[in-house]
Amino acid sequence: MKNKIILEKIFRNFKNKNFYISDGKQKFHGPKINLLIKEKLKLIESFNLKGNSIAVLKNNCGSEYWINLLVALKLNFTIFPEIKKSNIYKYYKNIVYFNGKKIKVVKNKNIKKNNIINKFNLIFSSSGSTGDPKLILQKISFVCKNAQYVLKKIKFKKNKTFLMCIPYLFTSAICHFFACMISGTNFISIEKIMLPSNIKALLKRKKINYFGGPPLHSKWVIESTNNKLINFEKMISSGDFLAEDTINEYLKRKLNFDFYYMYGLSEVGGRFCINLIKNNEYKFFVGRPLNYMKIIKNSSLKGEIKIKSNNLYLGYYQKNNFALQKSTIYNTGDVG
């Protein structure tokens, strides 16, 4: 899917006056989002940028983070939710720093040319759980395709409201964001550290329909909700291992909202498997792969999970080196 089609799907929702993005404090409705995007586009136009550009997104700035991501998407910049400084900037003529409402441009006079950067327009940073964090070269079109396939499974609806409590620079957060933008689902994202009391209050006060967060937050939602919350319909747990106790508590209490467990990776552009937990029989099952990806079977019952897809990451950038993928198969390192 080309960027033009993605833009049409996403930006058409901003004509809806009821649609909004919020960080729990500020709320930007569709027309206001359009206005902010136009203002920032005009500001960037004044810098008279020529050549390739990388958008460095600073987090911890509320809804402005997502507005900035949309501006960078509109300009077809390479998008980099920055976790740490990187020498990848040397390949770009313009480094555009988005920090909340502030935009700073640094023009690189000694650009190092490399044709590889034309192949991707999104850079994820791995968590570094293996002790060796990497910059993952990806295409936004792959992430949006992933979001569309996820939506076929979980069916977000227009004018419903999704609450996300995940640091914005994580892969899962950006996947949730694109899913909401494509479907026209209102998007509330909160980056601060949450407590059980915070989540309980938000679920009641904000009339939340869908919730997405790590397994610990899923546990708190299950413990603090009941079937009287008639607006609450779906919960998504992703980003880490879901504890058996959490699943058992959900099944025992017979809560009337759908509970999804997602397994995904930055290298596959987001989600790989989705499991709708309904009963004891499949409670530890991570789900079947999305339609455009599949597992390469191992000879043994338990072995490394290998994923085959034409929409995998393009490669890694690390230590002054572009290491590109030469295969449509990704060895995850996970055992299953």
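Modeller: A residue is buried when its relative accessible area is under 20%, exposed when the area is over 50%, and partly exposed in between (1.4 Å probe, protein chains only).

Colleague: Fine. What sort of model is this, and how are residues numbered?

Modeller: It is a predicted model, with residues numbered from 1 along each chain as its sequence is written. Local features need pLDDT of at least 70 and side-chain atom pairs 80 or more, while totals for chains, interfaces and linings use all residues, and side-chain values use heavy atoms, leaving out hydrogens and water.

Colleague: Let's start with helix 7. How many of its residues are buried?

Modeller: Of the 10 residues in helix 7, 7 are buried, so the rest of the structure largely encloses this helix. Helices here are DSSP runs of H or I with at least four residues, strands are runs of E with at least two, and both are numbered from the N terminus.

Colleague: Which residues of helix 7 are the buried ones?

Modeller: Pro215, His217, Ser218, Trp220, Val221, Ile222 and Ser224 are the buried residues of helix 7.

Colleague: Take serine 218. Is it buried or exposed?

Modeller: Serine 218, which is part of helix 7, is buried, because its relative accessibility is 0%.

Colleague: What does serine 218 touch, sequence neighbours aside?

Modeller: Leaving out residues up to four places away in sequence, serine 218 touches Gly213, Met235, Ile236, Ser237, Thr246 and Phe259. Contact means heavy atoms within 4.5 Å.

Colleague: Back to the covering helices. At what angle do helix 6 and helix 7 pack?

Modeller: Helix 6 (residues 196-205) packs against helix 7 (residues 215-224) at about 60°, and their axes are 9 Å apart. That makes helix 6 oblique to helix 7. Angles under 35 degrees are called roughly parallel, over 145 roughly antiparallel, 65 to 115 roughly perpendicular, and the rest oblique. Axes are lines fitted to C-alpha atoms, for helices over the stretch in contact, with angles from 0 to 180 degrees between N-to-C directions.

Colleague: Which residues meet there, between helix 6 and helix 7?

Modeller: On the helix 6 side they are Pro196, Ile199, Lys200 and Leu203. Helix 7 brings His217, Trp220, Val221 and Ser224 to the contact.

Colleague: Why would residues three or four places apart point the same way?

Modeller: An α-helix has 3.6 residues a turn, so residues at that spacing end up pointing the same way.

Colleague: OK. At what angle do the axes of helix 7 and helix 8 cross?

Modeller: Roughly 25°, and the axes of helix 7 and helix 8 (residues 244-253) come within 10 Å. That makes helix 7 roughly parallel to helix 8. Ser218, Lys219, Ile222, Glu223 and Ser224 in helix 7 meet Thr246, Glu249, Tyr250 and Arg253 in helix 8.

Colleague: Where is lysine 254?

Modeller: Lysine 254 sits in the loop between helix 8 and strand 13 (258-265). Its phi is positive, about 50°, although it is not a glycine. Lysine 254 is exposed, with a relative accessible area of 68%.

Colleague: Which phi does asparagine 48 have, positive or negative?

Modeller: Positive, about 55°, and asparagine 48 is not a glycine either. It is in the loop between helix 2 (30-46) and strand 3 (53-57).

Colleague: New topic, helix 4. How far does it reach?

Modeller: Helix 4 (residues 140-154) has 15 residues and reaches 21 Å from first C-alpha to last, close to the expected 21 Å. The expected span is 1.5 Å times one less than the number of residues. Lysine 155 follows helix 4, with a positive phi near 55°.

Colleague: How many residues of helix 4 are buried?

Modeller: Helix 4 is mostly covered, with 11 of its 15 residues buried. Among them are Ile140, Phe142, Cys144, Asn146 and Leu151.

Colleague: What does asparagine 146 touch?

Modeller: Asparagine 146 belongs to helix 4 and is buried, at 1% relative accessible area. Beyond four places in sequence, asparagine 146 touches Val268, Gly269, Gly270, Arg271, Leu290, Tyr292 and Met293.

Colleague: Last one. Is glutamate 64 buried or exposed?

Modeller: Glutamate 64, in helix 3 (residues 64-74), is buried, with a relative accessible area of 6%. Leaving aside neighbours within four places in sequence, glutamate 64 contacts Phe28, Lys40, Gly100 and Lys101. Its C-alpha is 8.2 Å from that of asparagine 99, which is 35 residues apart along the chain.
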